[in-house]
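Please open the model in your viewer, with the sequence panel beside it, and keep a selection tool at hand. Each stop below says what to select and then what is there.

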Amino acid sequence: MLETPIIPSADYSKVYEPAEDSYLLLDLFEQIRCELSSKRYAHSVPLVVEIGTGSGVVTAFLNKNILPKALYLATDVNPHSCVIAARTNSHNATSYNMDVIRCDLTSPLLTEKVDILIFNPPYVPAEKVPEIPKDDKDPRWLDLALDGGPTGMDITQRVLDSLHTILALKGEAYILFCARNQPDKVVEDFKKKSPGKWDVTMEIRRKAGWEMLSVYKFVRLCE
Ligand SMILES: C[S@@+](CC[C@H](N)C(=O)[O-])C[C@H]1O[C@@H](n2cnc3c(N)ncnc32)[C@H](O)[C@@H]1O
């Protein structure tokens with residue numbers, strides 16, 4: 001069993017604490033580690049991007065245990081997460097190959113550069129996606145980690161809509177859903193929009209309390 005990264009110090013009233021969803025991603029990456037490390041990506045040194053990195057546990061896990069020679073970029077709108085994620089990575093990883101950007105999703109990235117994209121989004125159905133607090137000390141940063149709008153899909157759908165401009169050819173995205181997001185229907189609609197261009201598979205599914213979580217892999221096929 002691969003080691004879970006240590007998070008040196010984090011204030012979990014401001015930063016998302018790793019939970020069942022984070023650990024589902026870790027378990028998946030452990031299961032498919034040979035596939036991940038043997039695949040030929042568009043770039044010989046693959047670019048791995050995690051959107052909404054939170055504590056940085058997922059990126060640090062991949063960097064430490066699975067793809068130590070990749071380049072890592074983690075993003076988050078929450079400034080507290082950006083500080084903690086950088087710290088988590090340097091505490092656990094062996095090489096200096098990771099950076100964190102405070103931004104919305106992947107907004108500052110050049111198009112079609114990402115080889116592996118990971119997103120454990122705010123997937124909980126809620127009246128609306130919270131506004132980004134103006135003040136670092138605002139107590140509502142955690143709401144941004146959870147609330148995903150009426151079907152929990154507002155933020156994830158934005159990523160899906162721009163996946164073809166984020167991923168490099170042969171690139172793949174690992175995106176987490178809860179059952180209330182209706183992931184099968186989401187995938188069906190996604191594939192209908194660009195037939196033949198994507199291979200989408202459900203990679204892992206697990207009950208977490210009363211929630212059913214799953215991770216889907218979206219692979220951009222060669223044109
Ligand atoms: C469910 S948490 C996942 C945290 C971490 N990746 C994990 O698995 O433990 C979702 C994260 O997405 C971040 N987030 C929410 N909206 C975002 C956006 N528009 N752009 C970037 N990050 C966002 C939140 O601040 C939070 O850290």
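This is a predicted model: local features need pLDDT of at least 70, side-chain atom pairs count only at pLDDT 80 or more; totals for chains, interfaces and linings use all residues.

Residues are numbered from 1 along each chain as its sequence is written, and side-chain values use heavy atoms, with hydrogens and water left out.

Begin by selecting helix 1, residues 20-31; helices (H or I, at least four residues) and strands (E, at least two) are DSSP runs, numbered from the N terminus. The end C-alpha atoms of helix 1 are 16 Å apart, which agrees with the 16 Å that its 12 residues should span at 1.5 Å a residue, the expected span being 1.5 Å times one less than the number of residues. Colour its buried residues next, namely D21, S22, L24, L25, L26, L28, F29 and E30, where buried means under 20% relative accessible area, exposed over 50% and partly exposed in between (1.4 Å probe, protein chains only). Their cover includes helix 2 (33-38), helix 3, strand 4 (114-119) and strand 5 (167-178).

Stay on F29, which together with L36 touches the most other members of the largest nonpolar core, a group of 35 residues. Such a core is a set of buried Ala, Val, Leu, Ile, Met, Phe, Trp, Tyr and Cys residues joined through side-chain atoms within 4.5 Å. Another core, of 26 residues, lies apart from it and has L117, I166, W198 and Y216 among its members.

For the largest pocket, select G52, D76, P122, L144 and A145, which lie nearest its centre among the 39 lining residues. A pocket here is an open set of points on a 1 Å grid over the protein atoms alone where a 1.4 Å probe fits, with protein on both sides within 12 Å along at least five of seven lines, and lining residues have an atom within 4 Å of a point. Helix 5 (143-146) gives the most to this lining, with 3 residues.

Now select Q157 in helix 6, which is partly exposed, with a relative accessible area of 26%. Leaving aside neighbours within four places in sequence, Q157 is in contact (heavy atoms within 4.5 Å) with V186 and K193.

Finish at R220 in strand 7, which counts as buried at 6% relative accessibility. Beyond four places in sequence, R220 touches residues including E112, H164, K197 and W198.
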